[in-house]
Amino acid sequence: MISLTSIIGDMFFAAIAGLGFAYACNPPLKTLMLSALLAAIAHGFRFVLIEYLHFQTLAIATFLASFFIGCLSIALAKMFKTPAEIIVFPALIPMIPGIYAYKAILNLISFIRSESMELKTTYLISFFDYAFTTLSVTLALAIGVSVTLLIFFEQSFMMTRHAKIHRRK
């Protein structure tokens, strides 16, 4: 059963993180709120995919969330006449898998310090598991939003300008 309070809680904290990362770039106020909104939607969407639709891999859910947010950022950027990159990248930062990177480094240090071959094997397997999860989720974020921005490449130039792109014949 879907718990609405857990989804809203996840979205709230993601919005705060997105707002903080966007604020670090010193953008206009309207882009701060858009980044917070997109961060909440992205993290909430990924949360629903993993927890309630039972996606097995974090990377696929992250890819779908980043692609969805990339498409949504194109529409919002057009409405608010701001570059999509300014509002979408701070919104994606809360989805970076920091805990997996931390656990990977922790297992690597434990591997180095351990003297037992059984423990070394366990730590090494855990290191690669967390490291590949970190790498795959980070790549999913980058690829998901990049595909969107490449698909709508020409529109991104017309969002802040009222000029049309002229093509040579």
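A crossing of two helices is called right-handed if the near helix is turned clockwise from the far one by less than a right angle. I need that term for the first pair. One caveat before I start: this is a predicted model.

The first pair, then. α2 passes α4 in a right-handed crossing. The two axes come within 8 Å and cross at roughly 45 degrees. Angles under 35 degrees count as roughly parallel and 65 to 115 as roughly perpendicular, and α2 and α4 are therefore oblique to each other. On the α2 side the residues that meet α4 are Thr31, Leu34, Ser35, Leu38 and Ala39. Their partners in α4 are Ile86, Ile87, Val88, Pro90 and Ala91.

Next, α4 with α6. α4 covers residues 84–92 and α6 covers residues 117–151. Their axes come within 11 Å, with a crossing angle of roughly 160 degrees. The cut-off for roughly antiparallel is over 145 degrees, so that is the description for α4 and α6. This crossing is right-handed. From α4 the contact uses Ala84, Glu85, Val88, Phe89 and Leu92; from α6 it uses Leu141, Val145 and Leu149. Val88 is named in the contact with α2 and again in the contact with α6.

What is the nearest side chain of opposite charge to Arg46, and how far away is it? It is Asp10, at 6.8 Å. A salt bridge needs a side-chain nitrogen within 4 Å of a carboxyl oxygen, and Arg46 has none, although it is buried. What does Arg46 touch instead? Leaving out residues up to four places away in sequence, the list is Leu58, Ala61, Thr62, Ala65, Met95 and Val137.

Last, two backbone angles. Most residues other than glycine have a negative phi. His54 has a positive one, near 55 degrees. His54 is found in the loop between α2 and α3, where α3 is 58–80. Is His54 buried or exposed? Its relative accessibility is 56%, so it counts as exposed.

Lys81 is the other case, with a positive phi near 50 degrees. Its place is in the loop between α3 and α4. At 44% relative accessibility, Lys81 counts as partly exposed, because that class lies between the 20% limit for buried and the 50% limit for exposed.

Technical notes: Residues numbered from 1 in each chain as written. Predicted model: local features only at pLDDT ≥ 70, side-chain atom pairs only at ≥ 80, totals over all residues. Heavy atoms only, no water. Buried < 20%, exposed > 50% of the residue type's maximum accessible area, 1.4 Å probe, protein only. Lys, Arg positive; Asp, Glu negative; His and termini not counted. Contact = heavy atoms within 4.5 Å. Axes fitted to C-alpha atoms, helices over the stretch in contact; angles between N-to-C directions. Helix = DSSP H or I, 4+ residues; strand = E, 2+ residues; numbered from the N terminus.
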